[in-house]
Structures are given as structure tokens and as C-alpha cells.
Amino acid sequence: KNGAKYEGEWRSGLKHGHGKMVYANGDVYEGDWMDDQRAGLGVLTLANGDTYEGHWLADKKEGPGRYFYVSTRKMYEGEWVDDVAKCGVFSDIPIDAASEAGLPHPDDN
């Protein structure tokens, strides 16, 4: 319909269970769905390369998670409430976390 493509589990015509959504803007979410909304554990990779991995509730970041800012090579790790970072640590992306998240090594440039 809107250029987005979903592959995964359904229940009663709604995205429910594990699935992958590729949005029309190039963003990709892979993880858990409940009643057509992101809920549970999932990874959102934005078209610009930034990545959030963590918990979701009612289609918003909620609970523990990590957000990787690719352009600045920074990472926020902490708690999210209603899609907003609330309490955590902002730091340089450690090499092991970068490779774990599939980000390029800083020496690869």
C-alpha cells in the first residue's frame, strides 16, 4: 500500500509475533510485534545507519535499550519511556558493541 513490506507472523490480520518490516523511507525494523505494533524486543535500523536495539511497547521505545549514532560514533544506553531517552549513559561506541550492532569499524574508513 504505502511502499512498506512486512514479512513475518500474523494473527487475525494483524502483525503479531516475529517479523521484519522494511519501510518506504528505507528504515528496517526486525523483532516482535503485537496487534500490529512493535512490542517486545526489536532492532530498528534507520536509513541513515543509526540503530536502536531494545524493548518496545505500543510502537514506541520503552524500557532498556541502546541507540547507536553512526555519524558521531556515539552510543546511548539506558532506559526509554514513551519513545524518549530518560536515564542512561552517552558514550563513544565501543568497538565490540559496534561490531555486535553491525556498524563499521572506525579504522575501515
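In this predicted model, the strands line up as an open sheet of 8, in the order E1-E2-E3-E4-E5-E6-E7-E8 and with antiparallel pairing. At the edges sit strand E1 (5–11) and strand E8 (84–92), each of which pairs on one side only. Direction ignored, neighbouring strands of the sheet are turned by 10° against each other on average. As a general point, the strands of a sheet pair through backbone hydrogen bonds, and this can happen in a parallel or an antiparallel way.

Stepping back to the chain as a whole, there are 8 strands and 1 helix. Read from the N terminus, the elements run β-β-β-β-β-β-β-β-α. The protein chain has 109 residues, and 30% of them count as buried.

Next comes the nonpolar side of things. The largest nonpolar core has 10 residues in all: Tyr6, Met21, Tyr29, Trp33, Leu44, Tyr52, Trp56, Tyr67, Tyr76 and Trp80. Strand E3 (28–34), strand E5 (51–57) and strand E7 (74–81) each supply at least two residues of this core. Setting aside residues up to four places away in sequence, Tyr67 touches Leu46, Asp50, Thr51, Tyr52, Lys61, Lys74, Met75, Tyr76 and Trp80.

Arg38 has a relative accessibility of 13%, so it counts as buried, the cut-off being under 20%. Neighbours within four places in sequence aside, the contacts of Arg38 are Tyr23, Tyr29, Asp32, Trp33, Leu44, Trp56, Leu57, Ala58 and Asp59.

Strand E6 covers residues 60–69, runs antiparallel to E5 and is joined to E5 by 6 bridges. Gly54, for instance, has Gly65 in E6 as its bridge partner.

Charged side chains link up as well, and a search of the whole structure turns up 8 salt bridges. One of them joins Arg66 to Glu53, with the closest N and O atoms 2.4 Å apart. Because Arg66 lies in strand E6 and Glu53 in strand E5, this pair ties together parts that are 13 residues apart in sequence. Arg66 itself is buried, at a relative accessible area of 14%.

Another salt bridge runs between Asp82 and Lys60, where the closest N and O atoms are 2.9 Å apart. Here Asp82 belongs to the loop between E7 and E8 while Lys60 belongs to strand E6, so the pair ties together parts that are 22 residues apart in sequence. Asp82 has a relative accessible area of 43% and is partly exposed. Lys60 also counts as partly exposed, with a relative accessibility of 34%.

A further salt bridge pairs Lys5 with Glu7, and their closest N and O atoms are 3.2 Å apart. Glu7 is partly exposed, at 48% relative accessible area.

Note on methods. Residues numbered from 1 in each chain as written. Predicted model: local features only at pLDDT ≥ 70, side-chain atom pairs only at ≥ 80, totals over all residues. Heavy atoms only, no water. Core = buried A, V, L, I, M, F, W, Y, C linked by side-chain atoms within 4.5 Å. Buried < 20%, exposed > 50% of the residue type's maximum accessible area, 1.4 Å probe, protein only. Helix = DSSP H or I, 4+ residues; strand = E, 2+ residues; numbered from the N terminus. Contact = heavy atoms within 4.5 Å. Pairing = 2+ DSSP bridges. Axes fitted to C-alpha atoms, helices over the stretch in contact; angles between N-to-C directions. Salt bridge = Lys/Arg side-chain N within 4 Å of Asp/Glu carboxyl O.
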